[in-house]
Amino acid sequence: MASKSTELKNLSSRDKATRRKAVRWLFENEINDSLSYFIPFLSDEDIWFRERAKSAFTRWCSDVDIELIEQLLSKDLLEHEYFVSTLLFNFSNEGERIIRKLLNSGNYLVRCNVRTFQLSKTEKNNLSAMILETLEDPDYRVRSIGASFVKDSELNDTVMEKLFSDNHSKVKLSALKNINLNPKYHKEWIDLFLESNDGKIRLL
């Protein structure tokens, strides 16, 4: 007869069918405290187990699993950085410990996910400061995410000057696209962008 202890043990079985049966049982019975047992499956050669492991983390991961997530970010498991960055919305303020580590990632996609999470969670009165912080990223794709949030912020000259002086057209275009949602309030800056020396901006 199936039981939690039996199926957790079966996850280590040499027989693939037995392992699959155990995974299905854990999902069907919502055994969310089995999450640590899924870590080895994240690197399994069989895509079925890899996808089920990802589903388990996406489904069950929460603040109580912070230490488990930090294991995934240890030096020998850096390939999990991107996956962890997709889980950030599962956490509350406890996620700050993970965010600090992920912002040091050399993978711009990881930093994109982190900044999207931060900007989405930041209160409007603090959003300009978070946009400015995002605009310091060396990769234009991350900076473009910061620029896309200007529509939700209380714009000020510091933010606009930073955007206007960015050396990549796509960052400026992202800002301009979102400022244009309220053109009557930002006409001066819109005109300044359109008069830019950047040819891609002037083609608009």
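I started with Lys151, which is partly exposed, its relative accessible area being 37%. I keep in mind that this is a predicted model. Lys151 pairs with Asp152 in a salt bridge, and I get 3.8 Å between the closest N and O atoms. Asp152 comes out as partly exposed too, at 35% relative accessibility.

How many salt bridges does the structure hold? I count twelve.

Next I looked up Asp46, which makes a salt bridge with Lys16, with 3.0 Å between the closest N and O atoms. Asp46 sits in the loop between helix H2 (16–28) and helix H3 (47–60), while Lys16 belongs to helix H2, so this pair ties together parts 30 residues apart in sequence. Is Asp46 buried or exposed? I have it as buried, because its relative accessibility is 12% and the cut-off for buried is under 20%. Lys16 is partly exposed, at a relative accessible area of 40%.

Then I checked Arg59 and Glu30, a salt bridge whose closest N and O atoms are 2.3 Å apart. Arg59 is in helix H3 and Glu30 in the loop between H2 and H3, so I noted a link between distant parts of the chain, 29 residues apart. For accessibility, I have Arg59 as partly exposed with a relative accessible area of 45%, and Glu30 as partly exposed at 39%.

**Overall build**

I went through the secondary structure and found 13 helices and zero strands in the protein chain.

What share of the 204 residues is buried? My note says 45%. The accessible surface of the protein chain is about 11,700 Å², and carbon and sulfur atoms hold 48% of that. I also looked at contacts with a separation of 6 or more: 58% of them are between residues 24 or more positions apart.

**The nonpolar cores**

Which residues touch the most other members of the largest nonpolar core? Out of its 36 residues, I wrote down Val23, Phe38, Phe57, Ile69, Ile98 and Leu102. At least two residues of this core come from each of H2, H3, helix H4 (66–72), helix H5 (81–85), helix H6 (96–102) and H7. H3 gives the most, with six residues.

Leaving out residues up to four places away in sequence, Phe38 touches Val23, Leu26, Phe27, Arg52, Ala53, Ala56, Phe57 and Trp60.

**Helix H8**

Met130 sent me to helix H8. Which residues are buried in helix H8 (residues 124–134)? I listed Leu127, Ser128, Met130, Ile131 and Thr134. A reminder to myself on spacing: an α-helix has 3.6 residues a turn, so residues three or four places apart point the same way.

Last, I asked what covers the buried residues of H8. The cover includes helix H7 (108–121), helix H9 (140–148) and helix H10 (157–164).

Conventions: Residues numbered from 1 in each chain as written. Predicted model: local features only at pLDDT ≥ 70, side-chain atom pairs only at ≥ 80, totals over all residues. Heavy atoms only, no water. Salt bridge = Lys/Arg side-chain N within 4 Å of Asp/Glu carboxyl O. Helix = DSSP H or I, 4+ residues; strand = E, 2+ residues; numbered from the N terminus. Buried < 20%, exposed > 50% of the residue type's maximum accessible area, 1.4 Å probe, protein only. Contact = heavy atoms within 4.5 Å. Areas by Shrake-Rupley, 256 points an atom, 1.4 Å probe, with all protein chains shown as cover. Core = buried A, V, L, I, M, F, W, Y, C linked by side-chain atoms within 4.5 Å.
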